[in-house]
Amino acid sequence: KGNPFYAIQLLKHLYEHNIIQKKNGCWTLDWEKVNIHSIPGTLIDFILKRINILAQREKEVIAIGAVAGTSFSNTMLREISTEDNRFIDKCLKKAHQLQLIETRKPFFQHISFVHNKIHDAFYNSIGDTKRKAIHEEIAGYYEKEESWNPKKLFFITHHYINSYNKEKTLEYAEKAGTAARHKYAHDEAVRYFKIVKKILEAKKEKRTQRWVEVNTQLVEIYLLNGRCDKAIKIVYNVLPFIKNKFTKAEYYCILATAFYRKGDFKKCEEFGRKGLSLLGEYLPVSKKTVLLGLCKELIVHGLHSLFSFFYPRKQKIRMRKYELICKFYSVLLWMYVLSDLMKFLRSMLRMLHLAESKIGKSKQLAYSYHGYAGLCVSIPMFKRGLMYIDKALTLRKELNDSYGIAESLQLYGF
C-alpha cells in the first residue's frame, strides 16, 4: 500500500489478534492464523473496524469533535453535546484506548484525531441536517467567548458557512475576506467574497452598495494576481448599476489598468479617456490637440517652477477627485512610454501640474516628481533630473513612504 499509517495499523491489528508474537526476544508470525484470519485490505477498512468498536452514542459524541475540526477542545465538546460529562469522559477514554484520538497534558483538554482519515470517517458518519446544526452550535459557542484573536474569525466563519446560516455567513465572511486579503491569502479572500456575493445575489441585493463593494474587492485581488480577464468581466457586470460619476470613474480606472496589463493599449486609452471625462478632465488623443496640450503644460510647468513654494489649501472632496485623475495618468504614462512619446510628455507634465496645484504634499506629488526626474534624466538633463529626484526623495521621507524611498534611491543608481 505504500502508506506508513496503513503499515502501523496492520501491525497493530496482527498484534491484537496474536498473529505476531514476541518469543525469546524475536518477533514471530503465525502463518496458520494469517491464512484463516480476515485482514482488512485498505486503510479505510482498518479505521472503520476500529471505529465500529464504539457504541452509536459514543460515535455521536466523537463526531461532534470531528465537526469542530481535526482538533477540538473538551470544553467545547461538553458545551455542545447533550450527554453528561461522565459519559463524555468515558467516550474520550475509549476512543483514546482505540488510538482514534490523541491528547496532550492536561489530558483531554485539547484533543486531536490521530489521522485525517479517522477525522473524515467520523465527520461523514453524521447526516447533513444534523451536521449543519452542530456547525452552527460550534460557531455560536466560539462567538460568545470573551477572548478574541484573528484565527477565531476564520474559525467562526468556516462553521457558519457550513451551517448554511446565510445571515451569519454574510456577517462574518466579508470580515474574513478582508482579513485574509490583509494577510495576502488572496485565494482564501476570493473564496469568502464569492460566498458573500452569491448570498447577496440570492437575496436580490444585486444593486446594493455592499454588493458593489464586494465586487470591487474581487476585482482588486484579480488585478493584483494578474487575472485581468476575470477583473474585466466583473467590472462590465457591475458598471450598469453604478450611478455615481466618481465611482464609475474609479471602475473605468480599473478597466484602463487591466487592459494596459493585457497589452491592449487602445482599450486602455479608451477607458482612461472615459473616466477622466467623468472627472472633468480632458485627454487629448489627436496629434494637434496633444501638441497644443504639451505647449500649454510646458508654460504651466515654467510658472510652477518659479512659484514652487506655493501650495493651495486642500479640500478633501476636490483632493479625492484629483488623486483619481493622477491615478489615471500614472496608468496612461506606462502605456504612452511604450507607444507615444508626445502623449507621454504631455501626460507627465499634466500630472505634475495637478499634483502641485491641486493636491500638494502627497504620494501623488512625490510620484510625479519621480516620473519627471526620470524623464529629465533620459533626455538627458541630468542636473534638473537630480534636482527632482532630491525633491521626490525628501518628500517621500517626510511621508514615511518606504516603497517610494526605495524607488527614488533606485533612480539615483541609474
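Helices (H or I, at least four residues) are DSSP runs, numbered from the N terminus. The model is a predicted one, in which local features need pLDDT of at least 70 and side-chain atom pairs count only at pLDDT 80 or more, while totals for chains, interfaces and linings use all residues. Residues are numbered from 1 along each chain as its sequence is written, and side-chain values use heavy atoms, with hydrogens and water left out.

**View 1. G371 in helix α19.** G371 is found in helix α19, which covers residues 363–378. With a relative accessible area of 21%, G371 is partly exposed (between the limits of under 20% for buried and over 50% for exposed, with a 1.4 Å probe and protein chains only). From C-alpha to C-alpha, G371 and K266 are 23 Å apart in space, and 105 residues separate them in sequence.

**View 2. K59 in helix α4.** K59 lies in helix α4, residues 56–68. K59 is buried yet has no salt bridge, the nearest side chain of opposite charge being E58, 8.6 Å away; a salt bridge is a side-chain nitrogen of Lys or Arg within 4 Å of a carboxyl oxygen of Asp or Glu, with Lys and Arg counted as positive, Asp and Glu as negative, and His and the chain ends not counted. Leaving aside neighbours within four places in sequence, K59 is in contact (heavy atoms within 4.5 Å) with I51, N52, L54 and F122.

**View 3. The contact of α4 with α7.** The contact is made by K59, I62, A63, A66 and V67 of α4 together with H119, F122 and Y123 of α7.

Conventions. Helices (H or I, at least four residues) and strands (E, at least two) are DSSP runs, numbered from the N terminus.
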